[in-house]
Amino acid sequence: MLKSIRSKLVIWYLCLFSIVFSGLGLFLHYRLKGIVIGTIDDHLHSEVQFIASLLEEERGKIEFALSDSGVVGDYALPLSGHYYQVISSDGRVIARSPSLSIIDASLPILEGSSEPSYRVITGPDKAPLRMLIQSFRLPQGVVTIQASESLENSYRLIASFRNTILLVFSSIFISSIAGIQIITNLSLRGLNTLSRKVGQITEKNLKKRIEGVKVDRELQPLVEGFNAMLSRLNNAFTIQRRFLSDASHELRTPTSVIKSYCDVTLNKERTQAQYQEVLHRISEAVNRMSDTINKILEVSRLESKEALLRKGEVNINSLLESVYKLMLPVAEGKGVKLFISDEGDVIVIGDIERLTEVFINLVDNAIKYNRDGGEVIISSRKESGFVIITVSDTGIGIPEEDLSRIFDRFYRVDKSRGEVQGAGLGLSIAKAIVDAHKGRMEVKSRIGEGSEFRVLLPLFAG
Ligand code: ADP
């Protein structure tokens with residue numbers, strides 16, 4: 001039940017309302033009771049003072065004094081709830097109001113003191129009475145005066161006030177719960193529309209966005225976040241789809257080569273030399289296929305972080321030196337001049353074999369996509385916590401529109417595709433390796449002038 005926003009709101013409201021209104025109800029109830037009883041007490045006090053002053057004036061003639069002046073109104077009516085009695089120091093009732101004497105009743109005799117004391121007792125008619133007891137030193141001796149007034153009417157007033165409060169509060173309570181239901185329904189309407197729209201998006205229409213839905217301002221970030229997530233998912237799906245079709249395309253060429261060699265060769269009887277020749281071609285195609293498959297596996301492992309890097313301290317300049325020595329014959333074979341310049345020892349934490357693979361790939365590309373007599377320069381420098389390794393060439397360059405996709409798997413710039421062999425996986429593997437080292441790769445290029453690839457690796461802080 002508490003899983004719904006509506007129930008949570010109702011329960012919170014219920015708790016808050018109960019606490020606030022019970023407190024308020026109790027306060028008002030006790031306040032009213034205090035006022036009503038206080039008024040009765042004031043009245044009893046003045047009655048007792050009045051009786052005491054009469055007794056003092058009429059020195060000793062108690063019966064006379066009271067029968068003459070005190071017997072008025074409710075004190076003269078039997079069982080009226082208004083009573084008084086005067087008790088002598090030896091505990092005898094020496095005078096009482098006609099409301100008592102007519103029916104020969106008396107109030108319970110309680111001990112008094114010079115300070116007024118208030119009690120609640122049960123009267124002769126079994127109704128609750130408020131009674132004031134006070135003793136006075138008079139010329140005729142110490143007397144205790146007890147005066148009382150019925151509490152019935154006051155209790156009735158308080159009870160009716162309590163019932164009114166309960167009625168008012170429960171009506172407010174019930175109508176507010178209904179109000180909360182309506183308000184939450186209205187507030188959640190936007191969310192319901194939103195979840196309906198979200199439910200309509202599947203992997204088949206990832207290009208769709210949540211638009212034209214009127215949602216409250218609080219839900220706007222959710223819509224924006226969801227749309228941004230859709231864009232990311234759509235990109236990821238597009239890359240996956242492209243990867244699948246590129247991979248099949250890449251593997252289809254050598255497969256068809258093998259198939260056609262087999263078909264043609266099996267057509268008729270061949271000489272041993274012809275069989276050897278065909279097997280040689282097939283072996284080349286298989287090698288290309290297996291090279292591509294290995295690269296695909298490597299790039300997927302690196303991207304899914306499955307590939308374990310054997311990390312250790314790597315001296316970047318000795319690594320670049322060995323790449324230079326390894327690639328020098330290749331460059332010479334292509335008529336390209338290869339140079340290296342470095343800034344002394346620079347240490348990073350990484351996998352030496354994987355990092356070597358990155359720079360071999362970059363230098364290999366720089367030689368492959370160069371012109372006859374061109375140059376390739378490998379250099380390195382330190383800058384704000386990073387070592388920046390640059391491989392620049394004077395080659396054919398990369399068109400502006402291809403630069404953003406150059407690191408995608410199987411991406412090859414069309415112009416170079418026909419002339420130079422390659423699967424378009426080298427740079428994506430290099431980037432995945434650099435990413436796994438918490439570094440980054442950048443590229444700048446101008447068509448016809450050359451390209452510059454930069455690898456930024458975090459320096460070893462130890
Ligand atoms: P490939 O195996 O095709 O070389 P890469 O991933 O290494 O695959 O490179 C992707 C594409 O980027 C290449 O096909 C090429 O068109 C372009 N490229 C890479 N390096 C250079 C470079 N130094 N100069 C010009 N083009 C380059």
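**Close-up 1. Helices H5 and H6, side by side.** In this predicted model, the axes of H5 (residues 220-266) and H6 (residues 272-303) come within 10 Å and cross at roughly 170 degrees; axes are lines fitted to C-alpha atoms over the stretch in contact, with angles running from 0 to 180 degrees between N-to-C directions. That makes H5 and H6 roughly antiparallel (angles over 145 degrees). Helices here are DSSP runs (H or I, at least four residues), numbered from the N terminus. On the H5 side, residues including Phe243, Leu251, Ile258 and Tyr261 meet H6 residues, among them Tyr275, Ile282, Met289 and Ile296, with contact meaning heavy atoms within 4.5 Å. Sorted by class, this contact has 16 nonpolar, four polar and three charged residues (Ala, Val, Leu, Ile, Met, Phe, Trp, Tyr, Cys and Pro are nonpolar, Asp, Glu, Lys and Arg charged, the others, Gly among them, polar).

Close-up 2. Tyr13, Phe17, Phe21, Phe169 and Phe173 form one aromatic cluster. The structure holds eight aromatic pairs, meaning rings of Phe, Tyr or Trp (its six-membered ring) with centres within 6.5 Å. Take Tyr13 and Phe173: their ring centres lie 6.2 Å apart with planes at 15 degrees, so they count as stacked (planes under 30 degrees apart). This pair links distant parts of the chain, with Tyr13 in H1 (residues 5-57) and Phe173 in H4 (residues 152-199), 160 residues apart.

**Notes for both views.** Residues are numbered from 1 along each chain as its sequence is written, and side-chain values use heavy atoms, leaving out hydrogens and water. As this is a predicted model, local features need pLDDT of at least 70 and side-chain atom pairs count only at pLDDT 80 or more, while totals for chains, interfaces and linings use all residues.

Conventions: Helices (H or I, at least four residues) and strands (E, at least two) are DSSP runs, numbered from the N terminus. Angles under 35 degrees count as roughly parallel, over 145 as roughly antiparallel, 65 to 115 as roughly perpendicular and the rest as oblique. Rings of Phe, Tyr and Trp (its six-membered ring) pair if their centres lie within 6.5 Å; planes under 30 degrees apart count as stacked, over 60 as edge-to-face and the rest as tilted.
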